[in-house]
Amino acid sequence: GAAYLSIRTGAPIVPVGVTGSLELWWRCVLTMRVGKPIAPNEFAGDDRTRVRALTARFEQDLRALLPGDVEQPRRKPLKNWC
């Protein structure tokens, strides 16, 4: 998907990691971390090889944006409110 479009168009991919979105409710903390753009011209080979390499790099960079996020039990007064 994204890697293929990046290779075909030449547009970079920007990894973005979001944490705290498991349960969004009033005053919930949402953290967004934005990584460095990955240029598709950094990868050599045919399109299939480049797509695989770009996908692997994107996954690696995305995982690095989400280090050690651990769910912590907390009181959720609005959990059952709809």
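Residues are numbered from 1 along each chain as its sequence is written. Because the model is predicted, local features need pLDDT of at least 70 and side-chain atom pairs count only at pLDDT 80 or more, whereas totals for chains, interfaces and linings use all residues, and side-chain values use heavy atoms, with hydrogens and water left out.

The protein contains 2 helices and 2 strands, arranged in the order α-β-β-α from the N terminus on; helices (H or I, at least four residues) and strands (E, at least two) are DSSP runs, numbered from the N terminus. Of the 82 residues, 18% are buried, where buried means under 20% relative accessible area, exposed means over 50%, and partly exposed lies in between (1.4 Å probe, protein chains only). The protein exposes about 6,600 Å², of which carbon and sulfur atoms supply 56%; accessible areas come from the Shrake-Rupley method with a 1.4 Å probe, and for residues only the protein chains shown count as cover. Among the contacts (heavy atoms within 4.5 Å) with a separation of 6 or more, 54% are accounted for by residues 24 or more positions apart.

With neighbours within four places in sequence left aside, Ala3 is in contact with Ile13, Val51, Leu54 and Thr55.

Ser6 also lies in helix α1 and is buried, its relative accessible area being 2%. The side chain of Ser6 reaches the backbone oxygen of Ala11 at 2.5 Å, and the contacts of Ser6 beyond neighbours within four places in sequence are Ala11, Pro12, Ile13, Pro40 and Leu54. Pro40 is likewise in contact with Gly10, a residue of the loop between α1 and β1 that is partly exposed at 44% relative accessibility. Although Gly10 and Pro40 are 30 residues apart along the chain, their C-alpha atoms are separated by 6.1 Å.

At least two residues of the nonpolar patch come from each of β1 (16–19) and β2 (31–34), while Leu30 is placed in the loop between β1 and β2 and is partly exposed at 46% relative accessibility.

A salt bridge is a side-chain nitrogen of Lys or Arg within 4 Å of a carboxyl oxygen of Asp or Glu, and by this rule the count comes to 4. In one of these, the closest N and O atoms of Arg57 and Glu42 are 2.9 Å apart; Arg57 lies in helix α2 and Glu42 in the loop between β2 and α2, so the pair ties together parts that are 15 residues apart in sequence. Arg57 also forms a salt bridge with Asp61, at 3.3 Å between the closest N and O atoms, both residues lying in helix α2 about one turn apart. A further salt bridge joins Glu59 and Arg63 at 3.0 Å, and these residues of helix α2 are separated by about one helical turn, being 4 residues apart. Through salt bridges that share partners, Glu42, Arg57 and Asp61 are joined into one network.

Conventions:
Polar contact = N/O pair within 3.5 Å; in protein donor to acceptor, adjacent residues only side chain to side chain.
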